[in-house]
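Colleague: I am new to reading structures. Could you walk me through this one?

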Amino acid sequence: LPDLILAALLLGLAWSALFSQDLKRGVVLFIAFGLLLAIVWARLHAPDLALAEAAIGAGLAGALLLVALRDETAAQGESARRSPVRRLSIDLLALGMTGLIGWALWSAMASQPGERLAQAAYEALESSGVSNPVTAVLLNYRAYDTLLELVVVLTAVLGVLVIGRERRGYRPAGPVFCGLVRWLVPLLILTAGYLLWVGAHAPGGAFQAGATLAAAAVVLRLAGHQSAGLPRGYALRWALAVGIGLFLLVGIGVTFNGGGFLQYPQAWSGGLILLIESAATVSIAAALALAYRGGRPDDWMPPADRGPGREVST
Amino acid sequence: MTQALIYALTGVALFMLGVRACLMHQILLPRLLALNVSGAGVFLIFVSLAYRGESQSTDPIPHALVLTGLVVAISATALALALNRRLREMEHE
């Protein structure tokens, strides 16, 4: 029964987030939707996902969307309606697709489970260097995926950098918020380190840790630190690239040992995975924090183009 | 099985809700929300297929795929928001 209630709440929230007239309300409802989804992941025995969803899906996506609301003031209200014919055809299309997916789902669930990849994954767990199966899949069996994922993250943030310059920072916060920041940011950094370390044998890992670090950056920026705690100049570029760089170096390095690309020697795999994950954490955190800043940092601009810096904007 | 079925059906419904909203809206930001919701629906289908009962252990492979998907989704959202902001700036110029 709790599952039915959760599912109904999820659908209700999604509906009201997507079809509310007020954009701001939609975004806030979407954040609530993300938090509820984190509970659903926990119900489905996916604690890794629950952590990631709470940090990324609800936290950072919410922060990005709330900041983006500032751009939307002009277009508010005049959401031009589609003509009735088009609305009807969209509804029909949606219904048809629902039927199709439902049928595919039904046949997938009704069919006899054949040989499962899961079994192979559990059998090889001993030799993977970590004991959390999800981390083993991400960084050992399917390390290619994770490498390319880091490439996707870097590409996206390069796109953000190319498109525009960063948003103006916020006013320095009042004493109460500053006091909170003084406690919250070290705590978040500590949590990120813990998540990174614990990922080898329990839920956690590079993505959750990176997202937590990025959350610390968001808090810093809200408190008036324009750089969001990121280093300046070349150090920032290195931070963005170190995840992929180290991953590739390790991947190529192990080939000298006689293995294939990214085939770690068994004795070292635990250490190598931790090394790669640490670098990936830094890169993911830097990328997400830079995405929150919204573009090229001011100190990368030629001096003549530098923005008005810390101006009032709330 | 029933628990997995409930969530899988919810996933299908969320996906369709997202697709419908994405086609209905004409401003970019709600469309982005809709895309994210339909992505969440897909993730939900995946994870509920990985779940098999209280007693048995879950399948880690869909979990890893969905974790990758979450990070890719937020990157794509960030890029889309940056593009949207640039478009708005160009409208004002």
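Colleague: Is S283(A) buried or exposed?

Modeller: This is a predicted model, in which local features need pLDDT of at least 70, side-chain atom pairs count only at pLDDT 80 or more, and totals for chains, interfaces and linings use all residues. Residues are numbered from 1 along each chain as its sequence is written, chains are lettered from A and ligands numbered from 1 in the order written, and side-chain values use heavy atoms, without hydrogens and water. Buried means under 20% relative accessible area, exposed over 50%, partly exposed in between (1.4 Å probe, protein chains only). The relative accessibility of S283(A) is 6%, so S283(A) is buried.

Colleague: Which backbone nitrogen does the side chain of S283(A) reach?

Modeller: S283(A) sits in helix 11 (residues 269-293) of chain A; helices (H or I, at least four residues) and strands (E, at least two) are DSSP runs, numbered from the N terminus. Contact means heavy atoms within 4.5 Å, and S283(A) touches residues including A239(A) and G243(A), leaving aside those up to four places away in sequence. At 2.7 Å, its side chain reaches the backbone nitrogen of G243(A).

Colleague: How many helices and strands are there in chain A?

Modeller: Along the sequence, the pattern is α-α-α-α-α-α-α-α-α-α-α. The count for chain A is eleven helices and zero strands.

Colleague: What should helix 4 of chain A span?

Modeller: The expected span is 1.5 Å times one less than the number of residues. Helix 4 (residues 84-110) has 27 residues, and its end C-alpha atoms are 39 Å apart.

Colleague: Which helices of chain B do the buried residues of helix 4 of chain A pack against?

Modeller: In helix 4 of chain A, the buried residues are I90(A), A94(A), L105(A) and M109(A). They pack against two elements of chain B: helix 1 (2-24) and helix 2 (28-50).

Colleague: What is the area buried between chain A and chain B?

Modeller: The contact takes 75 residues from chain A and 65 residues from chain B. Buried area is the accessible area (1.4 Å probe) that two parts lose on being put together, summed over both. Carbon and sulfur atoms give 78% of it, and the total is about 6,900 Å².

Colleague: Which residue of chain B forms a salt bridge with D91(A)?

Modeller: A salt bridge is a side-chain nitrogen of Lys or Arg within 4 Å of a carboxyl oxygen of Asp or Glu. The count between chain A and chain B is one. Its closest N and O atoms are 2.3 Å apart, and the partner of D91(A) is R20(B).

How values were computed: A polar contact is a pair of N or O atoms within 3.5 Å; within protein, one must be able to donate a hydrogen and the other to accept it, and residues adjacent in sequence count only if both atoms are side-chain atoms.
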